[in-house]
Amino acid sequence: MTSTKPEIDSMVGFEDARSVVTQAAGQEPAAAAPATDRAPVFEARDVSVYYSDFRAVTNVDLTINDNEITAFIGPSGCGKSTMLRTFNRMNDLIEGARMVGSLTYHGIDLYSDDVDPVAVRRRIGMVFQKPNPFPKSIYDNIAFGPRLAGTDENMDDIVERSLRGAGLWEEVKDRLKTSALGLSGGQQQRLCIARATAVNPDVLLMDEPCSALDPIATGRIEELMLEMKKDYTIVIVTHNMQQAARVSDRTAFFTAELDPNTDQRTGLLVEYDLTTTIFSQPADERTENYITGRFG
Ligand SMILES: Nc1ncnc2c1ncn2[C@@H]1O[C@H](COP(=O)(O)OP(=O)(O)OP(=O)(O)O)[C@@H](O)[C@H]1O
Ligand SMILES: [Mg+2]
């Protein structure tokens, strides 16, 4: 795989999330994006993920579209993070983890033997729940990936562009050589987003990126995501349904159910649709129960 694109808080009630969707719909939100005018980035067909003998996720069919924000919601343990990690082969790093089924990225089999997982992770970046800057300067956090990739672009330019893109430049431009660990939590998370974008990825995977942040920092990340989706395809896992309603174009609701064959609970995708539909007229009773807080 080369580096060019084609190759590659809290739970809230249904009414809250629905009013967010309804208000957003009046303002021509991203959530109103029609189903047909976007190219697929990922196509998962019959994807199951195992940790040794345990089937954590079962038979997922899901298409993620270009320049959209897709939210994964569902109760703890239903496989959201597991599914997210299939998109950049992060599960490969977990001993005993394996995926079956088909998962393509821009039409290419992501799990083919000739695909380099390191190159995959450069194209498909990840931002985690807890901000995890390296114990290095702000500058070196951003420069780390491009240096490793052997970029010939001017490093100062990369650092400035990445920090501007993550809405952090003005706050840190005079302290680039100081430790990233001196930043606030929200700043650290934006730094991690800047770091992920410094290698020019195509996709950003975000696993509960705001769950360690206060509402103001969360709002900034959400604004940032909405700006960034013109350049990136974003998949976000969130437990905050208002957040899903505010930022995402499409929402996938997962749950965990007992698999009668194994007597173990396994994650499955219940419903996947436009966010407006999921929060206003879900097709499946399990989705409705979850978003109205009647789950469990
Ligand atoms: N490294 C692992 N080894 C073994 N089992 C795992 C591993 N990671 C996750 N699991 C199991 O797989 C299932 C799905 O976990 P996953 O972390 O994907 O759920 P989640 O929906 O992200 O949950 P949460 O909302 O709590 O983050 C759970 O039963 C979990 O215990
Ligand atoms: Mg998770």
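**Entry 1: helix α7.** I began with the packing of α7, whose buried residues pack against β6 (124–127), α4 (138–148), α5 (155–165), α6 (169–172), β7 (203–207) and α8 (215–228). Helices (H or I, at least four residues) and strands (E, at least two) are DSSP runs, numbered from the N terminus. I took a residue as buried if 20 or more other C-beta atoms lie within 10 Å of its own, exposed if 12 or fewer, and partly exposed in between, with C-beta atoms placed from the backbone. I took two residues as in contact if their C-beta atoms, so placed, lie within 7 Å.

The model is predicted: local features need pLDDT of at least 70, side-chain atom pairs count only at pLDDT 80 or more, and totals for chains, interfaces and linings use all residues. Residues are numbered from 1 along each chain as its sequence is written, while chains are lettered from A and ligands numbered from 1 in the order in which they are written.

I then checked how enclosed α7 is. Among the buried ones I noted Arg 190, Cys 192 and Arg 195. Helix α7 covers residues 185–197 and reaches 18 Å from first C-alpha to last, close to the 18 Å expected at 1.5 Å a residue (1.5 Å times one less than the number of residues).

**Entry 2: helix α5.** I listed the buried residues of α5 as Ile 158, Val 159, Ser 162 and Leu 163. Seen down the axis of α5, they fall within an arc of 120°, so they line one face of the helix; the arc is that of the directions from the helix axis to the C-beta atoms. They pack against α4, α6 and α7. On the face turned away from the buried side I found the exposed residues Asp 156 and Asp 157. Just after α5, Gly 167 takes a positive phi of about 65°.

**Entry 3: ligand 1.** I looked up the 13 residues around ligand 1, of which Tyr 51, Ala 56, Ser 76, Ser 81 and Thr 82 come nearest; near means a C-beta atom, placed from the backbone, within 6 Å. The elements giving two or more residues to this shell are β2 (54–65) and α2 (80–86). The largest share, 3 residues, comes from α2.

**Entry 4: confidence.** I read pLDDT, the predictor's confidence in each residue, from 0 to 100. The protein chain averages 88, and 87% of the residues score at least 70. Over residues 1–15 pLDDT stays under 50, and I noted that it also stays under 50 over residues 24–34.
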